[in-house]
Amino acid sequence: MISLSDLYHVLTAVVPLYVAMILAYGSVKWWKIFSPDQCSGINRFVALFAVPLLSFHFIASNNPYDMNYRFIAADTLQKIIVLFVLAIWSRVSSRGSLEWSITLFSLSTLPNTLVMGIPLLKGMYGDASGSLMVQIVVLQCIIWYTLMLFLFEYRGARMLIAEQFPDTAGSIISFKVDSDIISLDGKEPLETQAEVGDDGKLHVTVRKSTSSRSEIFSRRSHGPNSGLSLTPRPSNLTNAEIYSLQSSRNPTPRGSSFNHTDFYSMVNGKNANMSPRHSNFGNYGLDEESGVAGFGRGNGVYGQGNVGYPAPTNAGIFSPATGPASKKKANGGTEGGKDLHMFVWSSSASPVSEGGIHVFRGGGDYGNEIGVGAHPKDYDEFGREEFTFGNKQNGNDREGPVVRSSSTTELRPKIAQEETKATAMPPASVMTRLILIMVWRKLIRNPNTYSSLIGLTWSLVSFKWNVQMPAIIAKSISILSDAGLGMAMFSLGLFMALSPRIIACGKTIAIFSMGVRFLTGPAVMAAASIAVGLRGVLLHIAIVQAALPQGIVPFVFAKEYGVHPDILSTGVIFGMLVALPITLVYYILLGL
């Protein structure tokens, strides 16, 4: 039976965390102490130093030779069960999709163990439970977050291939990715160059598009005060950097990096010094009669005839911003822009991840002669009450992103959408190599990767040969790691204050996601724990830790890759508010 003294100890461990979070919230929302720039700096410090050193401190001080392998097996089995069920669901159900599988896996299996779990479980079940939480943290950082990166990069690779090689993807036998590309998250426009080898197979090179290069050059040429809008990218440094400098009340709208000046000049043929990049397949542009983007007549291997390849149903991620949008103006235009092609990738506004919002629009409908951008109305209508799984839209029956020109000619007519066939993927070995390259580039830039691996290595050495860390190093680490817990909660409070709404995804989806987080996750964990033989206090610890609020790292990944960031944002913010009473209910019920 749980006594009042036990409850007091739990509150003593957890309430200080909420005090730090409330102070941060009030500092921005009520007292206006911190500006958005200052909040971004605080979050940057937490992401780069406080949380990695906190993680290192916990891992390095935990004895790896005294691990509870049955407890670890229960946690691993829970995640395997969820992955297996979601894989079957995405395969056999018409409502299943990779995006929803990733989101549901995050919601049900990846709680906030480091920041919230360790102090809470220590207050409930003593120091021994803290050691178990550290073991879970090690597995999350090294295995499960890496698996999340793998799934996100796999999704990005599929979109790249489906958009740029809708009919020839099966012939690709190699990918080469330029060293300046660290992710396929869609933050920067990318383009591909394909070469046909002697064996008749495709060898593809992925590089940043000419538009992104021209913008970088423009920034360097004109300086920081040239009127260009610089928006910091959400960092993949994870755990605490959860605020982007440009706060928005929309899910994740972001301006296109398409260079409008260059586009005007190239389309109208007024700048003779600039030439667009041509595809190795010849003239990939607009078919003037149908408005469909595809391979036209040219010198490419696959360029025979005037038949264009319509974009697949997931179009909008790599959309060809190509050629003149209409016939030559009064027969006075040139055909120079017809061969122009530029693949702009913006996965943050993909039809799958954000409900089919019309993200590439322009023309007179929205006040731009030629534009690539999102209209605020599309985001305001997003996912308030109704939602569906798969590639269906939230709340409205939209047709998905459409590239429009000044003549409002659709590059992807509705008929073409209906007749599009599923894109074949390259061989599994080719896809695996591409994804592993991108995941590796992500991991080596993540300080939490180093903190976890170095901490685990040190613990293996120190507990094996009883080696003590030099005091000067230990104190240098502890001075920051001791502040890590409070700073992480403070950062969460800043994020809550800067968010336009606590429930960003609509009430229906919020209720569903909270059910997955606080009911489904603990239920699967209970079944997995019983299956491996956990009983008594260990079983209680396993269930309560599965009922912790949503982890921060999965939200950072969701924000970075544009996969349901509003749902994960609600899971972090609203989950933190209701976590204490929910975990206390679990604690009391399990103690009866």
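C141 is buried, at 16% relative accessibility. The model is predicted. C39 is buried too, because its relative accessibility is 0%, and the cut-off for buried is under 20%. A search of the whole structure finds 0 disulfides. No pair of cysteine sulfur atoms therefore comes within 2.5 Å.

**Accessibility by residue**

| Residue | Relative accessibility | Class |
|---|---|---|
| C39 | 0% | buried |
| S101 | 10% | buried |
| K187 | 13% | buried |
| C141 | 16% | buried |
| V15 | 36% | partly exposed |

V15 sits in helix α1, which covers residues 4-29. Its relative accessible area is 36%, so V15 is partly exposed.

**Helix α4**

S101 belongs to helix α4, residues 98-109. S101 counts as buried because its relative accessibility is 10%. What does S101 contact, leaving aside neighbours within four places in sequence? The partners are L86, W89 and S90.

**The β1–β2 loop**

K187 lies in the loop between β1 (172-177) and β2 (190-196). With 13% relative accessibility, this lysine, K187, counts as buried. How many residues separate K187 and G562 in sequence? They are 375 residues apart along the chain, yet 9.3 Å apart in space, C-alpha to C-alpha.

How values were computed. Residues numbered from 1 in each chain as written. Predicted model: local features only at pLDDT ≥ 70, side-chain atom pairs only at ≥ 80, totals over all residues. Heavy atoms only, no water. Helix = DSSP H or I, 4+ residues; strand = E, 2+ residues; numbered from the N terminus. Buried < 20%, exposed > 50% of the residue type's maximum accessible area, 1.4 Å probe, protein only. Contact = heavy atoms within 4.5 Å.
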